[in-house]
Amino acid sequence: MHTYRVAIVGTGGIAAVHASNLARTDHRAELVAACDVDEARLHAFADDHGIAGRYQSLTELLAESKPDIVHLCTPPMMHIDQAIECLEAGVHVLSEKPPALSLADFDRLNDAQTQSGAQFSCVFQHRFGDASAAARALIGGSDFGRPLVARCDTLWYRPDEYFDLPWRGTWQAEGGGPTMGHGIHQFDLLLHLLGPWEEVNAIASRQARATSTEDFSAALVRFENGAAATVINSLLSPRETSDIRVDCEFATIELSHLYGYGTKDWTITAAPGHEDAVSSAWKEQPLERGSGHAAQFLAMYDALDAGLPLPADADSARQTLEFAAAIYASAFTGQPVRRGDIVPGHAFYEGMDGEGCGTRVLASTARA
C-alpha cells in the first residue's frame with residue numbers, strides 16, 4: 001500500500017477535521033503541507049498538526065511540496081478554481097462541499113481532468129460507512145424488496161451570528177443556503193441509496209435568517225425506480241437531527257444521527273412475515289466501520305492503489321449538484337424539474353439563483 005503525500009488548503013474549522021482524520025488512516029497518508037492566506041492561522045494550524053510545509057499561495061505549494069492529493073477546505077466560492085489549478089498540475093483533488101457554485105462552473109473540471117489524468121473527488125463522507133454500503137446493497141434486493149417511499153431530513157440550527165462571516169448566506173460565496181451547504185450531505189446519501197432521481201417539485205423560503213439565500217427548502221422527488229421521497233433542508237430547527245428513512249416492500253431502513261453515524265444509528269424493521277429474512281440479510285453484512293472523513297480517505301487511497309476511478313468522483317458529485325440545482329429551479333419557478341433539464345442556456349445552469357430569480361422570489365415572500 002502506497003503512502004500518499006497530502007496537502008490541506010484552507011486552515012479553518014473543517015481543516016482540523018481533515019487533519020485529525022488523516023492521522024487515523026494507518027500511515028496511508030503523510031500530511032506534508034498546508035496553505036492559508038492568513039499567516040497567523042496557517043502557522044497555528046501547522047503547529048497543531050506537525051506540518052512542515054507552510055504556504056500562503058496554492059501555486060507555491062503545488063510547485064514546492066509536490067503533493068499527491070490536495071484537500072480543499074476553503075470557502076465554497078474558491079473550490080472550483082483551486083481544483084482546476086491542482087488538476088492542471090497533475091495533483092488529485094478532494095474538495096469539501098459544495099464542489100462548485102453552479103453546474104456551469106463544475107463542468108469546467110472536464111478539460112482539466114482529461115488533459116492531466118489527475119482526478120477530482122468531493123467529500124461526501126456519509127456514503128462510506130459500512131451500514132450505508134449494506135443498505136445500498138439490500139435496497140431493491142429480494143430480502144428487502146424494492147424501495148417505495150422515503151424521506152430525507154436535514155434539520156439543523158444556525159443562529160443569526162453564524163452568518164456574521166460576510167461570505168455566509170450569500171449566493172456569490174456559498175451558492176445557496178442549507179440546500180447547498182448543509183443538506184447536501186444527507187441528500188447525497190439518499191441519492192447514493194436510491195439511484196437516479198427523475199423529477200423534483202420544490203419550495204424554498206427565507207423564514208427567519210437575515211441572509212440573501214433561503215434558510216429552508218422542501219422537495220418532493222420521484223426516482224427512476226418509482227420510489228417517492230421528501231427532502232427537507234432547514235437551519236431553523238432547535239432539535240437538530242439528520243434522518244433518512246426508506247420503506248421497501250419488506251423492510252424499513254432508518255438512519256438517525258447528526259454529523260456522522262455508526263451502525264447503532266441504523267434501525268431495520270421487517271414487514272410482518274419477513275422478520276427472519278430481513279434480520280439475517282442485515283446481520284450478514286460487514287457492519288464495523290462508521291461513516292466519516294477517514295472512511296472516505298481510505299476508500300480513496302484504495303482506489304488509487306488499484307488504479308481505479310476515485311469514489312465520489314466528478315460524475316457522481318455532479319449528479320448531486322444537479323439535484324440541488326433542480327430544487328432551486330423548481331422552488332423559484334414553481335415548475336417541476338426533470339433530471340437533464342438544466343443544461344447550458346437554462347437560467348439555473350449558470351447559478352443556483354437562476355439569474356436573480358431566486359433573489360426576487362425570496363424578497364417578494366420575505367416576512368417582516
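Rings of Phe, Tyr and Trp (for Trp, the six-membered ring) pair if their centres lie within 6.5 Å; planes under 30 degrees apart count as stacked, over 60 as edge-to-face and the rest as tilted. By that rule, ring pairs link Trp171, Tyr328 and Phe332 into a cluster.

This is a predicted model, in which local features need pLDDT of at least 70, side-chain atom pairs count only at pLDDT 80 or more, and totals for chains, interfaces and linings use all residues. Residues are numbered from 1 along each chain as its sequence is written, and side-chain values use heavy atoms, with hydrogens and water left out.

Stay with the rings. The whole structure holds 11 aromatic pairs. One of them joins tyrosine 4 and tyrosine 301. This pair is stacked, at 5.5 Å centre to centre and 20° between the planes. Tyrosine 4 belongs to strand β1 (residues 4-9) and tyrosine 301 to helix α12 (residues 293-306), so the pair ties together parts 297 residues apart in sequence. Helices (H or I, at least four residues) and strands (E, at least two) are DSSP runs, numbered from the N terminus. Both tyrosine 4 and tyrosine 301 are buried; that means under 20% relative accessible area, with exposed over 50% and partly exposed in between (1.4 Å probe, protein chains only). Tyrosine 162 and phenylalanine 163 pair edge-to-face, at 5.0 Å centre to centre and 90° between the planes. Tyrosine 162 and phenylalanine 163 are buried too.

Now the sheet. Eight strands form an open sheet in the order β13-β12-β11-β7-β10-β9-β8-β14, with mixed pairing. Two strands pair if DSSP finds at least two bridges between them. β13 (266-270) and β14 (337-338) stand at the edges with a single partner strand each, so one side of each has no neighbour in the sheet. β13 pairs with β12 (residues 251-257) in the antiparallel sense, over 5 bridges. Isoleucine 253 has isoleucine 268 in β13 as its bridge partner.

Helix α10 packs on this sheet. α10 touches β7, β8, β9, β10, β11 and β12, where contact means heavy atoms within 4.5 Å. The direction of α10 makes about 165° with that of β7. Axes are lines fitted to C-alpha atoms, for helices over the stretch in contact, and angles run from 0 to 180 degrees between N-to-C directions.

α10 (residues 184-194) also packs with helix α7 (residues 130-138), at about 40° and with axes 8 Å apart. That makes α7 oblique to α10; angles under 35 degrees count as roughly parallel, over 145 as roughly antiparallel, 65 to 115 as roughly perpendicular and the rest as oblique. Ser132, Ala135 and Arg136 in α7 meet Leu189, His192 and Leu193 in α10.
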